[in-house]
Structure formats: structure tokens, C-alpha cells
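Please open the model in your viewer and keep the selection panel at hand. The tour below moves from one selection to the next and says what is to be found at each stop.

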Amino acid sequence: MEPLTYFQEELEDHARVLAATQAALAAPFEALLDAWVTSVRQGGKILFFGNGGSAADAQHLAAELVVRFIKDRAPIAALALNTDTSALTAGANDLGYDAVFARQIEALGRPGDVAVGISTSGTSPNVVAGLKMAREKGLVTAALTGRDGGIMPDLADHVLTIPSDSTRRIQEMHITLGHMLCGALEIKLKLV
Ligand SMILES: O=C(CO)[C@@H](O)[C@H](O)[C@H](O)[C@H](O)COP(=O)(O)O
Ligand SMILES: [Zn+2]
């Protein structure tokens, strides 16, 4: 395929998935936003976790909340569980890779926090185990996923399943919705 054809087709596909996401996910977006607002107002924190591109999304979104998104403001408590290489490598080495997020949630999660598992397939065992542990510990659970949602919808109070089977398209919508959640959180908390 010619690069310029690829350019057109990728953006057209992106636009189709964007439109489908807009049509399908307004209500779950608002519900998850309310959960974030409640948690932050009560002194809770948002815990993000995922693999690969979703790990990048997790640390990106945690940084938006801790540092700044639209304007300078007080920090919002958030953490990405895929950024601590010592916890990740010791967890994987000693407990197994499936346990790397669950263990950190067991250590750091408190009732009222929101655990946000990010997985395009909804089946990554360590993300699934993280959500299970979050539920056990009384956190609010959220799944950013795609395809048919995988296993995550059964484990999450809030489910945003991007209507696409393409990993890259799902990831593009995850970061878009993640940015929008950060922006809407600032508006709701009247920080902008
Ligand atoms: O970014 C990409 C593909 O766009 C990859 O790094 C991708 O995130 C990795 O293959 C992940 O391991 C996929 O895991 P998941 O989304 O199914 O949980
Ligand atoms: Zn990617």
C-alpha cells in the first residue's frame, strides 16, 4: 500500500472509531468521571495500570493528575503501577508476572480509591488480577478496554469498551477519553 493511501485509510478508520465511541460511551464516561470526583473529594487516589502502550497511557494519565493538565492547580493523587521497575521486577521474579499489579494494589489500595485497569483485549492476566484484588479490597474498579471487553467487564464497576477490534484504534480512544476524564475532573473540581 502507498504511504499516502495508508495515511488516508488510518485516519478514516480513526474517525469511524471516534464516532462509534462518541455514540456509545457518553453515559459510562460520565459515571466514571463521577467516581473519580467522589474519590478525589474524599481523599482517595486513582491507580492506573496496563501493559505496553497501555502502560504508557497509565503513566501519562497519572502524571496529568499529579502535575497539571490544563492549568496549574493543587495536585491530584494518582499513581501508575507499571512505572516502578523494582516492584515490577521483584514481583515478576518472586510472585509471577500475573501478580505485579495485584500485589501493589494489595499494598497501596484503600477503599474509596479508584483502580483503572487498561487493556485493549480485556484479557491480560496481570490487569485482570489487579482488578480482582481491587474489588476484594473495596476499591472502585474501572476497565478501559476494547473488542468484546474480555474478562474485565465482570470485574469492573465502570466499563468503557471501545467499539473496535484494532489494538491501535482502541489505544487511541483510551488516551483521548483519559485526557477528557482529566479535563472534566478539573472542571468538576473547579480547578480550571
Ligand atoms: O502498544 C501496543 C500496540 O499498539 C503494544 O505495546 C500493546 O500494548 C502490547 O502488545 C500489550 O501487551 C497488549 O496488551 P492488552 O492491551 O491486550 O492488555
Ligand atoms: Zn501502541
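## First stop: S121

Select S121, which counts as partly exposed because it has 19 C-beta neighbours inside 10 Å; here a residue is buried if 20 or more other C-beta atoms lie within 10 Å of its own, exposed if 12 or fewer, and partly exposed in between, with C-beta atoms placed from the backbone. S121 is located in the loop between β3 and α6, where helices (H or I, at least four residues) and strands (E, at least two) are DSSP runs numbered from the N terminus. Beyond its neighbours within four places in sequence, S121 is in contact with R147 and G150, a contact being two residues whose C-beta atoms, placed from the backbone, lie within 7 Å.

Before going further, note that this is a predicted model, in which local features need pLDDT of at least 70 and side-chain atom pairs count only at pLDDT 80 or more, while totals for chains, interfaces and linings use all residues. Residues are numbered from 1 along each chain as its sequence is written, and chains are lettered from A and ligands numbered from 1 in the order in which they are written.

## Follow the contact to R147

Moving to R147, you are in the loop between β4 (140-146) and β5 (158-162). R147 is partly exposed, as it has 18 C-beta neighbours inside 10 Å, and its phi is positive, near 50 degrees, although it is a residue other than glycine. Most residues other than glycine have a negative phi.

## The whole chain

Now zoom out and colour by secondary structure: the protein has seven helices and five strands, which run from the N terminus as α-α-β-α-β-α-α-β-α-β-β-α. The radius of gyration is 16 Å, close to the 16 Å that the globule rule gives for 192 residues, so the protein is as compact as a globular protein of that length; the radius is taken over C-alpha atoms, and the rule is 2.2 Å times the number of residues to the power 0.38. Along its principal axes the C-alpha trace spans about 50 × 40 × 30 Å. Among contacts between residues at least 6 apart in sequence, 69% join residues at least 24 apart.

## Around ligand 1

Select ligand 1 and then its surroundings, which consist of N51, G52, G53, S54, S119, T120, S121, S124, V127, T167, R168 and Q171; a residue is included if its C-beta atom, placed from the backbone, lies within 6 Å. This shell divides into one nonpolar, ten polar and one charged residue, where Ala, Val, Leu, Ile, Met, Phe, Trp, Tyr, Cys and Pro count as nonpolar, Asp, Glu, Lys and Arg as charged, and the others, Gly among them, as polar. Helices α3 (53-66) and α7 (167-188) each supply at least two residues of the shell, and the largest share, three residues, comes from α7.

Within α7, pick Q171, which is buried, with 22 other C-beta atoms within 10 Å. Not counting residues up to four places away in sequence, Q171 touches G53, S54, D57 and T120.

## Annotated positions

Select E64 in helix α3: E64 counts as buried, with 20 C-beta neighbours inside 10 Å, and its contacts, leaving aside neighbours within four places in sequence, are F69 and C182. H179, in helix α7, counts as partly exposed, with 16 C-beta neighbours inside 10 Å.

## Last stop: α5 and α4

In helix α5 (residues 100-108), select V100, F101, A102, R103, Q104 and I105, which are buried. What covers them includes β1 (46-50), α4 (85-94), β3 (114-118) and α6 (125-136). Of the ten residues of α4 itself, the number buried is one, so α4 lies largely in the open. Just after α4, G96 takes a positive phi of about 110 degrees.
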